[in-house]
Amino acid sequence: MAILIALLGVAIVVVAVVFIRPSIGQAKGGRIVLLLALFVLPVLVFVFGATTHLENSKQTNFCLSCHAMKPYGETLKIDDQAFIPAVHSQNHLIPSDKACYTCHTTYTMFGGVKVKLQGLRHFFIQYLGKPPEQIELYEPFNNRECLHCHGEARSFLEDPIHEATLVDLESNELSCTECHYLFHEVAELASQKLWDRGEEE
């Protein structure tokens, strides 16, 4: 972030100097400075800014900064091991600072161009439109998101039900969510006890 601010500051100073003393742009060295200030530095600022933003957008706090997503973040605290996001978050089966990104890599700004455009759509809806009351995935949840962690785990492979259905799970013929169906149950938040670092809320 400091590099981004420094580059932006240098670009502004150079443009200001050229604006105050236009004769600088007439000399050969001045034209090089102008080229740097007006083209090279802005490109560097954009690249550093985009990289920083993409890294920040992997953070759970980034996802939950939208008002519509706050209740989904609260479901990570439900004190019931049957709720998939809660059990994964509370037992550090996923990094707590990347809880959303870890399981929803297909549905966020990361990945293919289609997914990045969907992420931009979320941004515009948040700031220029009205978020829907019921948030839904654009397409059915892909078992790949579960299997990239669980697929090679001994506890998963030796489970008789998983063993019998492994081919169907890997091909998405059978969804993990058919058996493991308690996710972000926002409607149940008011009736659930919440857990936060071992303290009841």
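1. A residue is called buried here when its relative accessible area is under 20%, exposed when over 50%, and partly exposed in between (1.4 Å probe, protein chains only). With that in hand, Ile 12 counts as exposed, at 54% relative accessibility.

2. Some housekeeping before going on. This is a predicted model, in which local features need pLDDT of at least 70 and side-chain atom pairs count only at pLDDT 80 or more, while totals for chains, interfaces and linings use all residues. Residues are numbered from 1 along each chain as its sequence is written, and side-chain values use heavy atoms, with hydrogens and water left out.

3. On to the overall fold. The protein chain has 10 helices and two strands, and the order along the sequence is α-α-α-α-α-α-α-α-α-α-β-β. The C-alpha trace spans about 80 × 40 × 30 Å along its principal axes. The radius of gyration of the protein chain is 24 Å, whereas a compact globule of 201 residues would come in near 17 Å; the radius is taken over C-alpha atoms, and the globule rule is 2.2 Å times the number of residues to the power 0.38.

4. How much of the chain is tucked away? Of its 201 residues, 28% count as buried. The protein chain exposes about 13700 Å², with carbon and sulfur atoms supplying 64% of that (Shrake-Rupley method, 1.4 Å probe; for residues, only the protein chains shown count as cover). As for contacts, meaning heavy atoms within 4.5 Å, 58% of those with a separation of 6 or more are between residues 24 or more positions apart.

5. Now have a look at the second largest pocket, which holds about 410 Å³ of space. Its lining takes in 16 residues, and Leu 76, Lys 77, Ser 89, Ser 96 and Asp 196 lie nearest its centre. The elements giving two or more residues to that lining are α3 (60-63), α5 (84-90) and β1 (195-196). For the record, a pocket is an open set of points on a 1 Å grid over the protein atoms alone, where a 1.4 Å probe fits, with protein on both sides within 12 Å along at least five of seven lines; lining residues have an atom within 4 Å of a point. Points are joined across faces, edges and corners, and the volume is the space filled by probe spheres set on them.

6. Gly 151 sits in the loop between α8 (144-150) and α9 (154-157). Is Gly 151 buried or exposed? It is buried, with a relative accessible area of 12%. Leaving aside residues up to four places away in sequence, Gly 151 touches Cys 146, Phe 156 and Leu 157. Glu 170 is 19 residues from Gly 151 in sequence and 8.7 Å from it in space, C-alpha to C-alpha.

7. Two backbone angles deserve a glance. Most residues other than glycine have a negative phi. His 92, not a glycine, has a positive phi of about 55°; this residue is in the loop between α5 and α6 (99-103) and is exposed, at 60% relative accessible area. Asn 172, also not a glycine, has a positive phi of about 65°. Its place is the loop between α10 (160-170) and β1, and at 34% relative accessibility Asn 172 counts as partly exposed.

Conventions:
Helix = DSSP H or I, 4+ residues; strand = E, 2+ residues; numbered from the N terminus.
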